[in-house]
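I opened this notebook to look up the charged side chains and how they pair. The entries follow the order in which I checked them.

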Amino acid sequence: MTASSFPVDPVTLSQDLLRCCSVTPADDGAQALIAGMLEKMGFEIFSLPFGSEDAPTPNLFARIGSGSPSLCFAGHTDVVPPGEGWSHAPFSAEISDGLLFGRGIADMKGGVACFIAAVARILQERPLKGSVSLLITGDEEGPGHFGTRPVIEWLSQRNELPDFCLVGEPTNPAVLGETIKIGRRGSMNAEIVVTGVQGHVAYPHLADNPVHRLLALLAELTNRTLDTGTEWFAASSLQVTSVDVGNAATNVIPGTASAKLNIRFNDLHTGAVLSDWLREVTARHAPGGEVKIAISGEAFLTEPGTAVQHLSAAIKAVTGREPCLDTGGGTSDARFISRYCPVAEFGLVGATMHKRDEHVEVSTLEDLTQIYMTFMENFGL
C-alpha cells in the first residue's frame with residue numbers, strides 16, 4: 001500500500017467496521033480489518049487473546065514509531081445487541097439525510113475509524129515523531145475481564161506504557177466539542193441477604209422477621225450523606241435498586257429478605273472502605289447477614305495537565321468550542337488504564353449510543369479526525 005492509498009476517509013472506514021456484526025463477545029472480523037489496515041501503514045501488530053482457550057477475548061495492540069512522546073489510543077470493536085425496530089438495518093452502515101446509522105457508530109467504531117484516518121493522514125505528510133499505538137479490545141461492552149485490563153498489564157510488564165492515553169468514548173452529549181472526560185466515578189454493586197426465622201404473623205414471638213432488620217439497615221445506609229462532592233466530582237450516591245422477599249402469603253413472616261444496591265463514588269472513597277462500611281452496618285442490624293460485593297471500578301482523576309490542554313486546544317481549533325472537563329456518567333475502560341498512565345476520553349456525540357437507530361452526523365467524523373490530527377501535532381507527534 002502506498003502512502004496515497006492509506007485509509008484516510010473516516011466515513012468509509014466507519015462503514016467497513018459497522019458491517020462487522022461484532023456483538024460482544026463476537027468479533028466478526030472487525031479486529032482483522034483494523035490489523036490489516038494498520039499493518040500496511042507500518043504498524044507492528046500484536047494479537048492478544050485473553051480468557052478461555054475455547055473462546056478467548058480478541059484484543060489488538062499496534063504500534064508505530066518509538067520513544068517519546070508516546071501516545072496510545074484506546075477503543076473497542078464490540079457492540080451491544082441492536083434490538084428491534086430499526087429504520088435502517090443495524091449492520092448495513094446506511095447514510096441517510098447526512099446521518100450514518102449503525103450499531104456501534106457512536107460507541108465507538110466511529111472514534112476508532114477517525115483515529116486511524118488521522119494517523120494515516122499524518123503519515124502521508126511526514127514520519128511521526130515519537131510513537132503512536134492503538135489498544136483495541138473486544139470486551140468493553142461485556143464483563144471486561146479479558147480486554148483492556150490484561151492488555152495494559154501486558155504493556156506494563158514490557159515497560160512499554162505510553163506517556164498518555166486517549167480513549168475514544170462518545171463523551172459529547174449533544175454536539176461535538178462539548179466535553180472531555182478526565183475522570184470517572186467508581187462503581188460497586190452489593191447484595192445484602194438477611195436470614196431470620198419463618199413463622200405465622202399471629203405469633204411473631206416465635207419468629208424473627210428479617211424484613212424489619214433489612215429495612216433498618218437500609219435506612220441507616222440511605223440516611224448517610226457520603227460526601228458533598230469535590231472540585232471535579234459530584235456527590236457520591238447510594239441507590240437501593242431492589243428489595244426482595246419472595247413471599248406471596250399475607251400471614252407468613254418470611255425466612256429471608258434481600259436487597260441490592262449500587263454506589264457511585266468519587267475519589268474521596270475507595271471500594272474497600274465502602275465495602276467495610278456495608279459489612280459493619282449489616283453486622284449491627286443483622287448479625288450473620290451476608291454481604292456480596294462486586295466493584296467494577298475505582299474512582300480516578302487525571303489532573304488537567306499539558307496533554308489535556310493540548311486536547312482542549314485541538315477541539316477549540318476545529319469546532320470553536322471550549323470543552324468542559326467532566327467526570328460524570330458511567331464507567332469505561334479508562335478505569336483500568338488510569339492505574340498505569342494519565343488518561344482522558346474524547347470521541348463522538350453519544351446521544352444515540354445503545355439506542356435503536358444509533359447514528360452520528362457524517363460531518364462529525366471528518367471533524368473528529370481533524371481534532372485527533374491536531375491533538376497529535378500539539379502533543380509533539
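Is Arg213 buried, partly exposed or exposed? I find that Arg213 is partly exposed, with a relative accessible area of 30%, where buried means under 20%, exposed over 50% and partly exposed in between, with a 1.4 Å probe and protein chains only.

I note that this is a predicted model, in which local features need pLDDT of at least 70 and side-chain atom pairs count only at pLDDT 80 or more, while totals for chains, interfaces and linings use all residues. Residues are numbered from 1 along each chain as its sequence is written, and side-chain values use heavy atoms, with hydrogens and water left out.

I then looked up the partner of Arg213, which is Asp208, in a salt bridge of 3.1 Å from N to O; a salt bridge is a side-chain nitrogen of Lys or Arg within 4 Å of a carboxyl oxygen of Asp or Glu. Asp208 is likewise partly exposed, at 24%. By this rule I have 11 salt bridges.

Another pair I checked is Glu345 and Arg184, whose closest N and O atoms are 2.7 Å apart. I see that this pair links strand β18 (residues 343-345) to strand β9 (residues 183-184), 161 residues apart, strands being DSSP runs of E with at least two residues, numbered from the N terminus. Glu345 is buried at 1%, and Arg184 is buried at 8%.

For Glu322 and Lys316 I noted a salt bridge of 3.2 Å, with Glu322 exposed at 54% and Lys316 partly exposed at 43%. I also recorded a salt-bridge network that links Arg63, Arg158 and Glu160.

Definitions and conventions
Helix = DSSP H or I, 4+ residues; strand = E, 2+ residues; numbered from the N terminus.
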